[in-house]
Amino acid sequence: MKNWPLWEVFIRSKNGLEHRHCGSIHASDATMALENARDVYTRRMEGVSIWVVPSKEITASNPDDSAELFDPAKDKAYRHPTFYELPDELKHM
Amino acid sequence: MEQHLVQYIYGIADNALILGQRLGELCGHGPNLETDIAMTNIALDLLGQTRSYYQYAAKLQGENATEDTIAFLRSEREYKNVLLVEQPNTDFAYSIGRQFLFDVFHLLLLEELAASADETLAAIAKKSVKEVRYHVRFSSDWIKRLGDGTDESHIKMQNAINDLWAYTDELFHQTDADKAMVSQNIGVDVTKLKEAFYVKVSEVLEEATLQVPDLKYFQKGGKNGVHSEHMGYLLADLQYMQRTFPNMNW
């Protein structure tokens, strides 16, 4: 049980929204991972759909590289679509 | 008639209360965090169902009865749960075995009770059946994992099934209250669930590479209030607070 792999859990809180990362759990395979995610993360009506992904399958950026990866975007305000008027009906942009 | 209905409700609700209490004992002691939460979730489902049944029974009884007096202030003989659900958490295999055998029966019962002529019972059954479908999924899954797991988990799971098997036949015995309620289309005729139960259970056990026990003599008594030696200890835990501090609230 100590050797059970780690899984990342993504929950869709309602239809129309995207799945969001909400935490991780241990499980021996995908079926158990789904059930454990259901029991741990959807007890208070948090979700309508669950994805589980083996944590080892995730390739992450290296925090040491954040200067070259992310800093160059800081002074490029023109990339933000702030000049459009959004209709009120449009939620979750 | 009312008395039979109340006794019939106890026959269903006491199973959920006592099994919920047994699962509650495991809170904080599960083999890992995820399984611990899963089993306490099931305990809470069962207690939720118990409350709905007891609230209804209290209304039928009148005389200041409440869901709490029914849960906490009856004597051992007045509890009508089957012997199966009061069996102790000897190890994880016993807890899963007990859960699995009860879940399969529980689902068959609620699917029929949903068509009861008593609207309240039918409504409670319809709501509970979704919860119990998940319980069956959870416990069947673990039966297969332990049965078809390592040599040690296989032996432990087989031992638990062998020991608990003696309590399965009682699930299909009819009490006087059962007979009275079946004749009015309120109750479920449990004798008719027996075949489907053993088919489903055998299917899962075979998939788990476990032997289906071949037993001729079975234990019985709980349905008529005659319990095993474990019940007194369980009730002592369950009732302690209300017996020591009567009418206590929090």
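How many helices and how many strands make up the secondary structure of chain B? Chain B has 10 helices and 0 strands. Both are DSSP runs numbered from the N terminus: helices are H or I with at least four residues, strands E with at least two.

This is a predicted model, where local features need pLDDT of at least 70, side-chain atom pairs count only at pLDDT 80 or more, and totals for chains, interfaces and linings use all residues. Residues are numbered from 1 along each chain as its sequence is written, while chains are lettered from A and ligands numbered from 1 in the order in which they are written.

Confidence comes next. pLDDT is the predictor's confidence in each residue, from 0 to 100. Chain B averages 95, and 100% of the residues score at least 70.

The model as a whole scores ipTM 0.73 and pTM 0.88.

Now the overall form. The C-alpha atoms of chain B fill a box of roughly 55 × 40 × 30 Å along the principal axes. Of its 250 residues, 40% count as buried (20 or more other C-beta atoms within 10 Å of the residue's own, with C-beta atoms placed from the backbone).

Contacts join residues whose C-beta atoms, placed from the backbone, lie within 7 Å. Among contacts in chain B between residues at least 6 apart in sequence, 75% join residues at least 24 apart.

Terms used. A residue is buried if 20 or more other C-beta atoms lie within 10 Å of its own, exposed if 12 or fewer, and partly exposed in between; C-beta atoms are placed from the backbone. Two residues are in contact if their C-beta atoms, placed from the backbone, lie within 7 Å.
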